[in-house]
Amino acid sequence: MESRALGSQGLVVSALGLGCMGMSEFYSPKDNDESTRTLRRAIDLGITLIDTADMYGPFTNERLVGAAVHDRRDRVVIATKFGQKRSEDGKHLGIDGSPEYVRKACDGSLQRLGVDTIDLYYQHRVDTKVPIEDTVGAMAELVGAGKVRYLGLSEASAQTIRRAHAMHPITAIQSEYSLWTRDPEDEVLATCAELGIGFVPYAPLGRGFLTGRFRKTTDIEAGDRRHDHPRFHEENFNRNLDIVRRLEPIAAAKGCTLAQLALAWLHSRSGSIVPIFGAKHVQYVEENVGALDVHLTDDDLRKLEAAAPKGSTAGLRYPEAGIATLNR
């Protein structure tokens with residue numbers, strides 16, 4: 001599989017990564033056996049970047065990932081995150097970027113993953129109560145101790161990225177980015193390019209919406225967290241479905257799926273972008289890897305821009321409480 005450099009510190013990963021959140025929580029029923037098969041198939045297909053977080057499950061996703069990759073550890077780059085605190089029963093306890101919590105969270109993740117070193121360690125959300133220099137300073141100590149190889153931030157503002165990078169080199173920024181979420185184009189992508197930081201888009205398929213899977217709100221299973229997201233609410237759903245309908249003939253002309261088209265568009269934006277798509281079934285991993293064979297011309301890109309112009313998506317990308325934690 002094609003490889004790409006994340007950042008300028010030496011981390012090289014596959015051009016596509018696998019996001020594992022939905023295997024344990026938020027998106028419809030769980031099937032650990034199928035999720036394990038999916039993880040292992042992704043690795044067999046050449047995907048090296050495997051993304052998880054301590055809060056997914058909570059805690060169970062790291063255990064799932066660790067067990068699935070234990071016999072092929074040398075073939076994967078494990079990325080995990082800390083900072084969104086949860087109790088064992090799932091209660092959300094706020095955001096914590098204190099140095100004490102950084103150290104505690106890392107030790108917990110190492111134990112659950114069953115590894116000696118985390119390849120890429122992100123602060124999941126920026127804690128405005130703690131100077132970013134203090135948080136990144138503690139993360140840098142983990143690098144010095146050999147517990148972490150590279151550092152990242154998730155959903156950080158350009159200003160915060162600059163302050164963090166001045167404290168210790170930041171290898172990757174992870175934020176939502178897709179044909180229907182263009183926020184990083186305002187400042188963050190340019191800041192990453194200037195500082196030599198890689199960019200990892202999560203939810204590159206619009207939480208499944210850009211695959212064409214959902215045609216009405218009732219297609220989303222009961223208990224699926226997408227029901228809470230404004231873009232899936234009735235008042236926004238049909239407007240957003242119009243975007244999908246405009247993308248369909250472009251995908252058909254390219255002979256690819258909507259998912260492959262959306263991932264190919266992200267690859268076209270920069271050579272330092274590595275999207276992590278979520279999947280918990282083997283068939284979707286096998287399908288999405290085909291995005292690397294989709295080559296978009298300038299005319300294709302113009303058509304995509306016309307079909308899904310920046311700002312055309314209806315609804316906030318998170319509920320209000322989630323929006324408050326972004327771009328800090």
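1. In the classes used here, Ala, Val, Leu, Ile, Met, Phe, Trp, Tyr, Cys and Pro count as nonpolar, Asp, Glu, Lys and Arg as charged, and the others, Gly among them, as polar. With these classes, the lining of the second largest pocket divides into six nonpolar, three polar and six charged residues. The structure under review is a predicted model.

2. The second largest pocket holds about 250 Å³ of space. Its lining comprises 15 residues, and those nearest the pocket centre are Asp-183, Pro-184, Val-188, Arg-317 and Asn-327.

3. The buried residues of α3 are Tyr-101, Val-102, Ala-105, Cys-106, Gly-108, Ser-109, Leu-110, Arg-112 and Leu-113. They pack against both helices and strands: α2 (60-69), α4 (132-144), β5 (77-82), β6 (84-86), β8 (118-123) and β9 (148-154). Just after the helix comes Gly-114, with a positive phi of about 70 degrees.

4. Leu-110 deserves a separate comment. This residue of helix α3 has a relative accessible area of 11%, and because buried means under 20%, it counts as buried. Apart from neighbours within four places in sequence, Leu-110 is in contact with Val-115, Asp-116, Thr-117, Ile-118 and Lys-147. Between the C-alpha atoms of Leu-110 and Ser-268 there are 35 Å, the two residues being 158 residues apart along the chain.

5. A polar atom of the Lys-81 side chain lies 2.8 Å from the backbone oxygen of Thr-52. With neighbours within four places in sequence left aside, the contacts of Lys-81 are Asp-51, Thr-52, Ala-53, Asp-54, Tyr-56, Tyr-121, Tyr-122, His-124 and Gln-174.

6. Several points of backbone geometry should be noted. Gly-57 and Pro-58 are joined by a cis peptide bond, with omega about -10 degrees; Pro-58 belongs to the loop between β4 (49-51) and α2. Glu-155 is not a glycine, yet its phi is positive, at about 55 degrees. The loop between β9 and α5 (158-167) contains Glu-155, which counts as buried because its relative accessibility is 3%. Arg-207, also a residue other than glycine, has a positive phi near 55 degrees. Its place is the loop between β11 (198-202) and α7 (234-254), and its relative accessibility of 10% means that Arg-207 counts as buried.

7. Thr-191 is part of helix α6, which runs over residues 188-195. With a relative accessible area of 5%, Thr-191 is buried. Not counting residues up to four places away in sequence, Thr-191 touches Ala-158, Ile-161 and Arg-162.

8. How many of the twelve residues of helix α8 are buried? Ten of them are, so α8 is largely enclosed by the rest of the structure. The buried residues are Leu-258, Ala-259, Gln-260, Leu-261, Ala-262, Leu-263, Ala-264, Trp-265, Leu-266 and His-267. Their cover includes the strands β1 (3-6), β11 and β12 (276-278), together with the helices α7, α9 (282-289) and α10. Helix α8 (residues 258-269) reaches 17 Å from its first C-alpha to its last, close to the 16 Å expected at 1.5 Å a residue.

9. Leaving aside neighbours within four places in sequence, Glu-305 is in contact with Arg-182 and Lys-310. With Arg-182 there is a polar contact between the two side chains, at 3.0 Å. Glu-305 and Val-77 are 228 residues apart in sequence, and their C-alpha atoms are 33 Å apart in space.

Conventions. Residues are numbered from 1 along each chain as its sequence is written. This is a predicted model: local features need pLDDT of at least 70, side-chain atom pairs count only at pLDDT 80 or more; totals for chains, interfaces and linings use all residues. Side-chain values use heavy atoms; hydrogens and water are left out. On a 1 Å grid over the protein atoms alone, a cavity is a set of points where a 1.4 Å probe fits but cannot get out, and a pocket is an open set with protein on both sides within 12 Å along at least five of seven lines; lining residues have an atom within 4 Å of a point. Grid points are joined across faces, edges and corners, and a volume is the space filled by probe spheres set on the points. Buried means under 20% relative accessible area, exposed over 50%, partly exposed in between (1.4 Å probe, protein chains only). Helices (H or I, at least four residues) and strands (E, at least two) are DSSP runs, numbered from the N terminus. Contact means heavy atoms within 4.5 Å. A polar contact is a pair of N or O atoms within 3.5 Å; within protein, one must be able to donate a hydrogen and the other to accept it, and residues adjacent in sequence count only if both atoms are side-chain atoms. The expected span of a helix is 1.5 Å times one less than its number of residues.
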